[in-house]
Amino acid sequence: MKTMNELKQLAKAKVTKCRVCPICNGLACKGEIPGVGGKGTGSSFVRNVEQLKKVKIRMDVTCGAITPDTSSELFGNKVSLPVYAAPIAGITNNFGAEITDTQYTADILDGCIQAKTIGFTGDGKFIEMFTGPLKMIDERNGLGICTMKPWVKEGIDLRLEYVNQSNVLALATDIDSAGLPLLRNSEIPVETKSTAALKELKEALRVPLIVKGIMSVESALRAKEAGADAIVVSNHGGRVLDETLSTIEVLDEIAQALEGSVTILVDGGFRSGHDVFKALALGADGVLIGRPVSLAAIADGAQGVADYFENIRKELMDVMLMSGCATISDITRDKIAVVKD
Ligand SMILES: Cc1cc2nc3c(=O)[nH]c(=O)nc-3n(C[C@H](O)[C@H](O)[C@H](O)COP(=O)(O)O)c2cc1C
């Protein structure tokens, strides 16, 4: 199995736009879109990573001998760890990598299946950018989650026909993509969504609905009212709006407001098993990782993705051992502290 550093070194030789920094923190790539940076000054991406450092783990090694079990489940599907590959589209253009989007999608889905977790796929301006990955999920017994942009009704109806004929674990919609200039001006544009529009989407679906791009209690409650089965607390890795709060800052209050009624996933700046532990302690049921998983796929295909998740799983296991958590449900709020600096 390759280490995180070995994967990074391999990736570095294969990309021209991402610098593959020692810590993927948004500083070197500020404002680079196309590219892997955050929008504008890049502050939202940078803040996602920085604020995670303010959450500290409480050690507890007097609770007897334990062998931590990192397994969890998502919509009834057992996973080896509650960490998933985030949807990332436009891999060639954004990373400056030679891998095609089709090969990338296959590597993400297969690497996740090998690691016993789930990969999300993306969407784009052309319908094939959605239906291609969806077909690949269908061919893998539905072991994947497709993500649809918040198109106006015409674009949604077109895609829903395909979703409802496919074997897929769930449909996610990244409603925060309303902030992507390229899509706002496309022939079928994206738009921000009302509770009624999300409800209509939920009612037309026969698989669970995940609403991605929730950054406030109000939005979370509206997603719940619309019938969402899960939300992703996300600012799209800082790519849709500058100067937002970080996802870890808003997670706690959202989790408290939802009181366990909706599955909560979170992403943005999570880079280690330690970071995953912090999110679980603050109320998340799972974590999505974006850019570093993409680099692992670019580095070594499906095997790179599987190795990446195994590294994260081992780190998470170590943190669980040292904090007295035998199972994922033992990771509770009292296991962490939020410090000022
Ligand atoms: C190059 C790039 C492309 C992305 N494409 C999509 C997409 O098609 N759909 C989507 O929901 N999110 C997309 N995202 C956002 C990710 O799913 C995720 O929210 C974000 O990358 C998480 O932050 P992290 O990369 O810091 O882990 C993209 C992000 C990047 C960097």
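How many salt bridges does the structure hold? This predicted model holds 16 salt bridges.

**Salt bridges between distant parts of the chain**
- Glu249 and Arg47 meet through their side chains in a salt bridge, at 2.7 Å from N to O. This pair links helix H10 (residues 247-258), which holds Glu249, to helix H2 (residues 43-52), which holds Arg47, across 202 residues.
- Glu249 is partly exposed, at a relative accessible area of 27%, and Arg47 is also partly exposed, at 30%.
- Asp123 and Arg159 form a salt bridge whose closest N and O atoms are 3.3 Å apart. The two residues are 36 residues apart and link distant parts of the chain: Asp123 lies in the loop between strand E5 (120-121) and helix H5 (128-139), and Arg159 in helix H6 (residues 153-164).
- Asp123 has a relative accessible area of 3% and is therefore buried, the cut-off being under 20%. Arg159 is likewise buried, with a value of 3%.

- Asp157 forms a salt bridge with Lys153, with 2.9 Å between the closest N and O atoms. The two are four residues apart in helix H6, so about one helical turn separates them.
- Asp157 is partly exposed at 33% relative accessible area, and Lys153 is partly exposed at 47%.

**Helix H1**
- Met4, Leu7 and Ala11 are buried in helix H1 (residues 4-12). Viewed down the helix axis, the buried residues of H1 fall within an arc of 65°, so they line one face.
- Asn5 and Gln9, on the other side of H1, are exposed.
- Helix H12 (291-322) is included in what covers the buried residues of H1.

Definitions and conventions:
Residues numbered from 1 in each chain as written. Predicted model: local features only at pLDDT ≥ 70, side-chain atom pairs only at ≥ 80, totals over all residues. Heavy atoms only, no water. Buried < 20%, exposed > 50% of the residue type's maximum accessible area, 1.4 Å probe, protein only. Arc of directions from axis to C-beta. Contact = heavy atoms within 4.5 Å. Salt bridge = Lys/Arg side-chain N within 4 Å of Asp/Glu carboxyl O.
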